[in-house]
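Subject: Structure handover

Hello,

Here is the structure I promised to pass on. Please open it next to this email and follow along.

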Amino acid sequence: MPAHPRRARPCDGRGDGGSRRPRRAAHRARPPRRPVVDPPRTARRVRTQRRRRGRPGMSVVPYRFEQTMAAGEVSARWGGLGAGEESGDDVAVAGRVMRSRPQGKLAFAELRDASGAVQLFALRSATRDFDAFTRLRLGDWVGATGQVVRTRRGELSVKVTDWVLLAEARRSFGDKWRGVTDTETRYRQREVDLWANPDSRRALALRSQLVRRMRERLWALDFVEVETPILHPIPGGAHARPFVTHHRALDMDFYLRIAPELYLKRLVVGGFERVFEIGRLFRNEGMSPRHNPEFTTLELYQAYADYTDIMALVEDLVSGLAQDLCGTTSITYQGRPLDFTPPWRRATMAELVAEATGLGANVHTPRETLAAWARERGVQVDERWGPGKLLLELYEKTTEGNLWGPVFVCDYPKEVSPLARVHRDDPLLAERFEPVVAGRELGNAFSELVDPDDQRARFEEQAAQHEAGDEEAMVIDADYLRALEHGLPPTGGLGIGIDRLAMLFADVTNIREVISFPTMRPEA
RNA sequence: GCGCCUCUAGCUCAACGGCAGAGCAACGGACUCUUAAUCCGCAGGUUCGGGGUUCAAAUCCCCGGAGGCGCACCA
């Protein structure tokens, strides 16, 4: 046996120092690589170490394991067992080893599964293949059978009689105390993050519950869940830049949807009076702690309803979800109270801008006055913007970020709301609102524009802006106009950002915390 | 896109112009009740990549990469 077997590597006979160089030269033509976390040679090293210990290896792990009980259930059922007591009941548990403490003729290991954790307690005198058990390491998966007992020191345990390795961990799962904190590693290798950091698991589990409860609540209100296309021949339904892709057989470009809105309203035309869709949207825009290129929304449409009905629905839905997920309608976000208990405040955009700035700005204010006010506050004013767009800019620059809410910001300018119905009391406004919470819009809703002639005119306006260089402006969707000509009843519509909502309930500030695999630039 | 910051062992971090180190993990061993166990031993490095300044660079400078935050963008 060589003195340093784990350093042995393929050698070209040139002796020690030169053995690596030829290999590097062979790689020189490839693009430079930066192994961020765990270079392949580490896996090789660890593999060699494991082999030396004579572990069985992955080739002999079984194809299945009959688990009779989850770890959480063990602690729930035998929580009352006294220290040193034996239950007399055998269980078979499975999970990942999160701690291993061999101690002479005894060995302890913490086994964690999806439901929780339970300790494995092994004895040389009672456990099959005890020596191998003592060599279990952080991250290995095992299945174990034995009696439920509580140790003398008071830890509920499975006293292992038989056990089997289900998978070996060749790579490390981070610092046992501090986990993995590097944000890049956490988002790129979410599987490691999830095992190492309970908060990461909690945030994603909460998101899952959020979507589930949301569906249940909508089903209870007789909403029908539907799925509409993600490949759109024309991007529509929102003001955003799309991703483009190509269909080979049709030899044409498609756009990944920026909103499902137009298709959903066509379903209302078709007779689905209450529809919703929870799905992924794609917007080809900047990324930030609050923006991921692909994100999930709830969008719903309710026939015979207007935007005030939708406000009531939003209050009810969001406060109900807070109750479901946090146990209260009055939560804490980033250390500040956030009370979703209905009713929420309703205020017009003009009122809120006046509160924030003292300016009597509204959609009827002369354009030049609005432009001057906006410029004073750092807005780069485009000459083509009308008073509506200027008011919106003013609102976003001065007001929105300071609204803690929840508050319904009502009555947006018609000019910036091409799919919303004109306000019944003011021809320059639209019946549109955004629920704003913690300085961010949570959604967007309106009394839907149902008049095909008006819609055509708005599309033409948008198309003109598109022609003039606004790549985010909409284009004319003839299919949608034809659908409207068949008759869309009065309808209230809503879109809510699921990721944003999950951030509030999970009390996190980065959208990536509630996305399982956030968009990242490739490493190499 | 712009600005500021970060990048060192598998993980978490020191070293801040003078021999690249620690804790944990891993690896070999001791231990019959561990809980961030303890003890003994061993090993592990392209200091993100490239270039420059210097007798000497992880450290200073330049270029590039990835990431974080802020701004812009995102009605």
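Below is what I found, starting with the whole chain and then moving to two details.

Keep in mind that this is a predicted model.

**The chain as a whole**

Chain A has 524 residues, and 46% of them count as buried. Its secondary structure comes to 15 helices and 21 strands. Take the contacts in chain A with a separation of 6 or more: 65% of them join residues 24 or more positions apart. The chain exposes about 27200 Å². Carbon and sulfur atoms supply 49% of that area.

**A sheet of three strands**

Strands of a sheet pair through backbone hydrogen bonds, either parallel or antiparallel. Look for an open sheet with the order β7-β9-β8. The pairing here is antiparallel. β7 (231-232) and β8 (244-247) each have a single partner strand, so they stand at the edges, and one side of each has no neighbour in the sheet. β7 pairs with β9 (residues 252-256) over two bridges. In one of the bridges, Leu231 has Leu256 of β9 as its partner.

Now find helix α7 (residues 198-220) and helix α15 (residues 498-506). Their axes come within 9 Å and cross at roughly 120°. That angle makes α7 oblique to α15. The crossing is right-handed. Which residues make the contact? From α7 they are Ala203, Leu206, Arg207, Leu210, Val211 and Met214. From α15 they are Ile498, Asp499, Leu501, Ala502, Phe505 and Ala506.

Best wishes

Key. Residues numbered from 1 in each chain as written. Chains lettered and ligands numbered in written order. Predicted model: local features only at pLDDT ≥ 70, side-chain atom pairs only at ≥ 80, totals over all residues. Heavy atoms only, no water. Pairing = 2+ DSSP bridges. Helix = DSSP H or I, 4+ residues; strand = E, 2+ residues; numbered from the N terminus. Buried < 20%, exposed > 50% of the residue type's maximum accessible area, 1.4 Å probe, protein only. Contact = heavy atoms within 4.5 Å. Areas by Shrake-Rupley, 256 points an atom, 1.4 Å probe, with all protein chains shown as cover. Axes fitted to C-alpha atoms, helices over the stretch in contact; angles between N-to-C directions. Parallel < 35°, antiparallel > 145°, perpendicular 65-115°, else oblique. Left-handed = near helix turned anticlockwise from the far one by under 90°.
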